[in-house]
Each structure stands twice: as structure tokens, then as C-alpha cells.
Amino acid sequence: MLTRRTLLGGTAGLALLGGSGLPVAAAWAGEGEDLTRWVDPFIGTGGHGHTYPGATVPFGMVQLSPDTDNGRWDSCSGYHQDDRTLMGFSHTHLSGTGVGDMLDVLVVPRVGPVVLQPGSLEDPQGGYRARFDHADEQATPGYYRVRLKDSGITAELTATARAGLHRYTFPAGAGTNGDGAHLLIDFHHGMQDKHGVPTRVTDASLRLVGNDTLVGGRRVHQWADGRHIHFALKLSRPFTKGQLYSDDQPVAGDQAAGTNLKCALHYPDAAQAPLLVKVGLSAVDEDGALRNLQADIPGWDFDRVRWAARDAWQSELSRIRIDADSDVDRRIFYSALYHALLAPTLFSDVDGRYRGMDDAIHQMPPGRHTYSTYSLWDTYRALHPLFTLVQPDRVPDLVDGLVRMAVESPAGPPVWPLQGRETGCMIGWHSAVVLAEAQAKGFKGIDYKAAWPVFRKRAFEDTTLGMGEYRRLGYIPSDTVDEAVSKTLEYAYDDWALAHLAAGAGARDDARALAERSRNYRHVFDPALTFVRARDSVGKWIEPFDPRAMGHMKKWRDFTESNAWQATFLNQHDLYGYMEMFGGPEAFERKLDELFTTSSEMPADAPPDIAGLVGQYAHGNEPSHHVAYLYAYAGAHYKTQARVRMLLRTMHQDQPDGLAGNEDCGQMSAWYLISALGLYAVDPVTPIYVFGSPLFRRAELAVGQGRRLVVEAPGNGPDSPYIQSVSWNGAAYTKSWISHASLAAGGRLTLQMGPKPNPRFGADPADRPPSFAPVKV
């Protein structure tokens, strides 16, 4: 019997990723330790984590994973730990999002007559669903395995950058007694919308090529409305019959077109040897999918591909090595690092072609790649800052891709781009923050100036999304625009990022105007109550006011996945100016204390995203992620240390329901990772990190070009969360923050820990983190 924690052996080596050309890190310490053994892909598959357990490689285009459900919110990834039946194995999945899509090219191994509908989640009888037990599942980085109870088929999955490889072992006698061993490819399958409406598909086609190949393409109109997906599927031995179906009716010949397409490939000799299926993907065309497949998996050696995937993960996990007290800590940390490296996802083909946001086909220069799946409202906060430290070789492609999207997209600056389409999900245009951060940290190979005209139009000309009101009034009124308070606050922070982009582009007047406009948070702050709150179009505060409420009317909400308690602390960039509105640093500190200690009671209409509550602090949703670090700006850094350590210990567990909220394409894990290292970027546009409370005695980071950063914490332990003193490269260091440039150059950061607070550390105003530094014009 297999268990999910079965450990893999084998020898680490250079990842064999076909023609991907993706950068692979060289392990620089502890070469013999297999770090993949600490990764549990099932973490986050329960509760509201929304992760998937299947096979993929770091930042890979393909996520080959089982689909247990495609209907409810908690199966946004296609999988949930509560389920006991599965439909099959599809090739694209989202990790931890709050909206579902993808699940392309479902492959269903079957014994029995061809059935074209999946059947119900609870009762698979009469459909192609299969029962399974979690005890019969195994998942490790780059590999997944499960035994299907009713048929006895064992399914194994692995992946490369642009292709997936299946191995199906049928039980003895399958197919030989007329029981119809076959593979069903359901090309209509995908994520349903929130109302249960099935996947909307147009322009779909399937074509059989000889007796061992199936190719196809379709457009999917779900969250990423109108995205293109093409595939090429090859089999390790010929099928005896291939039957196409349209709207569940047989189609004569070897081609089919329509919206609801399927194909059954029959194998009477299924039990004679394992059947292998390899599938390449492309958003460009079928030829691109075939080239990706041939480049990545030219042969049929499943184990070679599996170990190459494992080695790719070993190389990337080796960028951070920790000295942890327990195996539980190792599992939580390396599973978080695994999840942080699942997105953004590769989107350019092996020949450099990709489908742009304008729906045209573009060509990348040699050695460069473009990516998709940017959950920017979430990931600008911790994931992209983490990448600037431990993925510096990948940052130019990740960020320059956002520039190309901005230039190519008719929708303007990227908000939540997915597979060449703009979903428009969430508020603001935080791609500006990711660009401004990379610019501030000195990353080259990014065309910042090309992005500026697109962002300038949004900032100074657009009237959509409340921008007209924002420019005219200095805030967005809640009687005319949904989620107006949160939009005002997040637009103000984006203005801060845009001010830096404008300065970099030489637009000095724009930079000054945007820096000033970034203080628009003042216009929704009520100093009498010390809360941000809703105002109407004539400037009046809207009554009644309850800081726990989502909004002032049933028709709409004033906040985005938050309430006034959480939104009051959204300010990330002008903290010293903001504190004065509370009455000074001491009053601000008291308000922070109240946030963490007030009742956690929420109104009945609160969205499930507001989770992981400590008082009204909500660790399960991103607007709270920087808040524990704000004590440092008030001179009470020891409270940051205590809060961060508590959150590290209580909000992240090594269980399927081990995340406080949605994983959100790596942000939830990135908060844990960078916080566990003792650092956090409260304002990513200002290139510094605030100290927190390191979780480990020692960590080593590969920060690029052979440089190493060592973070050590002598005296650390479960009961020693407090920083007593700090040294940098052996010299005493009194500040409660450190620059990105210092860390990226490599060195040794030592934080002496102890069981009691040192209130003097970071208390002097000269040692507190900088905020609202003048924009360089």
C-alpha cells in the first residue's frame, strides 16, 4: 500500500527539461541531502487552501494532476482532500486561487464500456468517475501516483516544462475479455463557473493522426475569457480503434469540430504492458504543442522524466537551506518553498513563440521566456520580493513579461493575467508595484520606459474603475462605486509605485504629482474614530458605521475581502504621515494592539476569504500580511517579533488543511518563507526588509552569481522569539531593517535571540524603517 509520505530515493543530478531552456540553480551546500523528501504536495489541498497534488516542475507550463471536482469553490484547483472519487487527470491547474479555470485535456483510463459523462461527485455509478482512497495516493515533487479502486488501474504522472507524461498499469486480463479497456479524452471538461454552468468552449477541434496521435485545440470562456489551448497527445503503442464524439454522438472519420468533443482510444492489450501517454501543450497552435512535446520528451523513459523533474525541484529547493529543530518545520518550510515556485507559469513555446494579450502571436528573443498566471493583488506583497532574493536570474523575464502585457493588452496594465487574457480580478494594478520594485532594486533587462505610457494613461486619463472619481475627489465615493474604500487605499499605493516608474522614465512632473496623490488615503480616514470608512459623493461619512461590517448597504460592499479593521492598516508607504492622523506613534501602536486583541466575531455576510483571525487581523487574506511588521515603524519592534513568531507557529501546519486561507499562487507560502528567515518587505517599492523573528538557528540563501546570504540566530528556540541584538558581517547593527542591496551582495546577518523582549532595539527614531522616502526626480 502506498502512502502520501512515501519518500523517493535516487541520485541528484542536472534537471533534464527537454528544450525548456529554463534557468536551473546549482546546489551550493549540503549536496547530498535530498530536500524533495520534505515536500508534501498535499498541504493546502484541504480546507480553503485550493492547492493541487499533481506533477509539475518549477514554473512549468504543465500541471498534470487528478481532478476530483470542477464545481465548488473549494475545488478551484480541481482537487479537494474531502473527495473520494476522481474524473481523470488533466494538464493545467491553478494553485490556491479563489476563482477556478483551466483543467485542460482530461485523460480518463477506463475498463468497461465507453461512458461519456463523469457522473456525480458522491455517486460515480453510471459515469466515468473512479473511486480512490487517499491511502493509495503518493505525491512528491514532479510525481503523482494513485490506484483506482474499481478498475484496479494504477496511474502515475510526471511532467517537464511543457509536457506531461502518464503511465497506466492495467490489471491482468483488462481488455482481453471484451471489457473495453480504453482511454477517454474529454476535451469539453473544465472548471464550471460559480453558478454551476459547465465549461463554455468555442472553436474546438480534435484530429486523429495515424494510430498513435491525437491533436486538438479550443477556446475556453471562463474566468480567463477566450483563452486558447492546443495539445498534442502521443501513445507508446498504437490503439486498435479511435472514436471521436461530438455532443456525445459518434463522429465518422478522423476529425471533429464543435464545442463538446471527446475521443475514446481502445486497447484490448492494455494489460500486456504499461501504457504511456505524453501530452504537449501550447497556447499558439497544434504544431507548437507537438514541437514542445518532441523537445521535452523525445522518448518513452518514464523514470528518466520523473527523476529529471525531481532533480529540477532539488536544484530550486537548494537555493535555501535551513537548520531546523524538527521534521515538521522542514516539511512546512520546503512545502511552502515548493508552492512558492509553482507560479507564474511558463507561457512561451520551445521556439520562443507566445500568444500575447492582443491575441497575436509574438516571438521571444533567444534565451528569454514569457510567463502567465500572475495573481498580482496577492503576490506583489511577499512572493515577488522573495524572487528578487532567491530567483534573481528569473526576475527579468518575470517582470519584463508584465511590460509586454501592458503594451499588448487592450485592457491596459496587467491586473490578473492568465494565459494571454486579462481576468480583471481584484482591484488596483499592482503590476506597477512589481515593476517599481525591480527598478528600485536595479534589475536590468526590463523595459521600464516602454511600460510607462500605458500606466500613465491609467493614472491620468482613464475614467473606468472609479478613476474619474478618484482624480476629481481624491477618494472614491461608496454611494456610486463598489468596494470604494479599498480601491481608494490600493490606488494610493499604486500611485506610489507609479511615481517611481515616472521618475525612472524621466517624467518628473508626473512623478511629483503621483507621489502627492499617493497620500489620498487621508480622504477616507476618519480621525474621530481612527478608522478608514465610506464617504459619499458630497463628502459625508456614510452611516451607520461598524468596523466589522463589509459595507453600509446590502447592495454592495465598501471593502474588498476585508472590513474597516483590516483596511485601516492597508497603508504600506507613508506610515509616519499616517501615524500622525492617529495622534502619533504611541496611539498607532495602541490601535495595532487593539486590532490583534479585539473580538474575532464577524458578520454573517463576511466572505470566507477573511480567515485565520487573530482579533480582527486576518492572516488568511493578503491585506493583513504586512500588518504585524508595522510595530517596527512605531518603535515597538519587539511586538513585531512576538506577533510574527506567533503567526508562523499557528497559521502554517503540515496538514492538508494547513493553510489559513487560499494559497493564492504562492503568496501565503511566501509570507511564511520570508518571515521564517526573519525578513519582510512592508513596502516592496522601497528596497528594504524589516526584521521579524527568524524561525531557524541558521539559514543559507543562494542570492545569485555564487553569492551566499547567511542568516543565523544564536539563542533561538520555541521560547526565544525576541531579538536581543543584530550584527551584519560581524559589525554591530542597530537598525530594525536592512537594505536589499546589502542582502543581495551576500554576507552574514546575525540576530541574537532571547526569551525576553529588548524594547530598546529599533526604538530610536533613527533606527526605524524609512517610509515615504522622496521620489528621485
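Two strands count as paired here if DSSP finds at least two bridges between them. With that in hand, here are some close-ups of this predicted model.

**View 1. Strands β12 and β13, side by side.** Strand β12 (residues 213–220) pairs with β13 in the antiparallel sense, over eight bridges. To find your place, look for Arg-218, which stands opposite Ile-229 in β13.

**View 2. Strand β18 and its two partners.** On one side of the pairing list is β9 (residues 163–169), antiparallel to β18 over six bridges; Ala-163 stands opposite Gly-280 in β18. Strand β13 (residues 227–235) also pairs with β18 in the antiparallel sense, again over six bridges, and here Leu-235 stands opposite Val-277.

**View 3. The two faces of β18.** In a regular strand, side chains alternate between the two faces of the sheet. On one side of β18 sit Leu-275, Val-277, Val-279 and Leu-281, and on the other Leu-276, Lys-278, Gly-280 and Ser-282, all of them buried. Buried means under 20% relative accessible area. Because eight of the eight residues of β18 (residues 275–282) are buried, the strand is largely enclosed by the rest of the structure.

**View 4. The whole sheet.** Follow the order β6-β7-β8-β9-β18-β13-β12-β11-β16 and you will trace an open sheet of nine strands with antiparallel pairing. At its edges are β6 (137–140) and β16 (255–258), each pairing on one side only. From one strand to the next, the twist averages 10 degrees.

Conventions. Residues numbered from 1 in each chain as written. Predicted model: local features only at pLDDT ≥ 70, side-chain atom pairs only at ≥ 80, totals over all residues. Heavy atoms only, no water. Buried < 20%, exposed > 50% of the residue type's maximum accessible area, 1.4 Å probe, protein only. Helix = DSSP H or I, 4+ residues; strand = E, 2+ residues; numbered from the N terminus. Axes fitted to C-alpha atoms, helices over the stretch in contact; angles between N-to-C directions.
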